[in-house]
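Have the structure open as you read.

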Amino acid sequence: MTRLCDLTQPIFEGIAVYPGDPLFEARLFAEHDVDGFRASRYVVGSHLGTHIDAPLHYFVDGEPLESFPVDFFSGNAACLNFASVVGPLSPRYRDRDDFSRPVSLRVDDLAPFEKAIEALDILVLRVDWADRAGSVLYYYDFPSVSPELCDWLADFPNLRVLALETPSLVAPPATPNLDELPVPDSKRFPPELEDCRVLNPLERPAPRETDPDAPPLDELELLADSEAHRILLGRRPPILILEGLVNLDSLPAYEPSRPGETVQRDTTREFQLLALPTPFQNADGAPARVVAFL
């Protein structure tokens with residue numbers, strides 16, 4: 001019997017947004033005791049919560065979301081679990097010498113799964129970052145997908161959606177000072193956010209010496225994020241980017257391979273995934289409801 005697994009973030013008043021994006025607003029304009037019914041007005045950014053990026057997000061002449069047929073947003077999917085490789089508790093994340101740059105998945109991390117990826121319409125990457133969803137810390141220093149890896153993924157002709165647990169492809173490098181953040185609400189944020197210094201080291205080493213004519217580090221990461229998006233969204237046909245997934249621990253998954261091992265396709269780890277964006281006209285992106293059929 002098929003089981004449905006919801007991979008969608010809830011959206012609520014006070015939810016944190018990507019730096020610079022519009023805040024979410026929910027307002028009543030009709031109430032039961034006055035109007036006999038209830039109705040609300042929502043202000044929501046096109047890249048809030050669980051959402052899909054369209055080519056129009058980065059290209060002036062790029063396709064908007066509504067130009068894609070509905071079956072483009074569904075297909076054969078599999079999850080690769082890299083939490084132990086780049087997740088917040090992994091040695092690569094915690095023990096790095098340079099906290100001025102985010103940790104990234106590399107081509108050699110995914111190369112052993114080439115045979116499995118070839119069979120997919122949708123590739124899901126798990127890094128165990130979703131427990132921060134809704135908080136400011138969700139948007140900083142998350143495990144990233146490098147432009148080099150995006151370039152490698154673009155060579156898979158059947159792949160049409162890259163699905164992520166993170167809010168974007170490449171993270172801004174700086175984590176905000178805890179003193180400037182609101183006190184975590186235990187009803188909204190997981191307990192580990194009470195000790196953010198464990199999972200998000202805030203005492204950064206002094207910045208490395210760099211070329212004085214080079215862009216600042218944060219600008220470099222923004223350029224990398226833009227390049228990664230352009231590689232995927234600029235392919236023909238494009239690889240759409242589905243960001244902000246949750247509940248990935250409920251999915252069957254491939255685990256990291258041993259050195260030198262080639263992972264063969266395993267259909268028992270595959271599932272159908274449906275990610276339907278709200279059909280706004282001329283949309284550069286839109287919130288989506290995402291469901292896995294297990």
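Let's settle one term before starting: a residue counts as buried when its relative accessible area is under 20%. Bear in mind too that this is a predicted model.

With that cut-off in hand, take strand E5, residues 74-81. It's mostly covered, with 7 of its 8 residues buried. What does E5 pair with? Strand E12 (residues 270-277) runs antiparallel to E5, and 5 bridges join the two. Strand E7 (residues 122-126) also makes 5 bridges with E5, but in the parallel sense.

Strand E10 (residues 240-243) is another one to click on. Both of its faces are covered: Leu240 and Leu242 sit on one side, Ile241 and Glu243 on the other, and all four are buried. Strand E4 (residues 51-53) joins E10 through 3 antiparallel bridges, while strand E9 (residues 161-164) pairs with E10 in the parallel sense, again over 3 bridges.

Here are the pairings side by side, each with one example of residues that stand opposite each other.

| Strand pair | Sense | Bridges | Example pair |
|---|---|---|---|
| E5 and E12 | antiparallel | 5 | Asn76 and Gln272 |
| E5 and E7 | parallel | 5 | Cys79 and Val124 |
| E4 and E10 | antiparallel | 3 | His51 and Glu243 |
| E9 and E10 | parallel | 3 | Val161 and Leu240 |

Now for the packing. The largest nonpolar core has 81 residues, and those touching the most other members are Leu110, Leu123, Val124, Leu125, Leu169 and Leu273. Helix H8 (residues 217-233) gives the most to this core, with 5 residues.

Which residues does Leu123 contact, once neighbours within four places in sequence are set aside? The list is Ala78, Leu80, Leu110, Ile117, Leu153, Leu159, Val161, Leu162 and Ala163.

How many cavities of 30 Å³ or more does a search of the whole structure find? The count is 1, and the largest cavity has a volume of about 50 Å³. Its lining is made up of Leu105, Leu125, Val127, Pro143, Ser144, Val145, Leu164, Glu165 and Thr166. By class, that's 6 nonpolar, 2 polar and 1 charged residues. Leu125, you'll notice, is part of this lining and also turns up among the core residues that touch the most other members.

Definitions and conventions. Residues are numbered from 1 along each chain as its sequence is written. This is a predicted model: local features need pLDDT of at least 70, side-chain atom pairs count only at pLDDT 80 or more; totals for chains, interfaces and linings use all residues. Side-chain values use heavy atoms; hydrogens and water are left out. On a 1 Å grid over the protein atoms alone, a cavity is a set of points where a 1.4 Å probe fits but cannot get out, and a pocket is an open set with protein on both sides within 12 Å along at least five of seven lines; lining residues have an atom within 4 Å of a point. Grid points are joined across faces, edges and corners, and a volume is the space filled by probe spheres set on the points. Ala, Val, Leu, Ile, Met, Phe, Trp, Tyr, Cys and Pro count as nonpolar, Asp, Glu, Lys and Arg as charged, and the others, Gly among them, as polar. Buried means under 20% relative accessible area, exposed over 50%, partly exposed in between (1.4 Å probe, protein chains only). Two strands pair if DSSP finds at least two bridges between them. A nonpolar core is a set of buried Ala, Val, Leu, Ile, Met, Phe, Trp, Tyr and Cys residues joined through side-chain atoms within 4.5 Å. Contact means heavy atoms within 4.5 Å.
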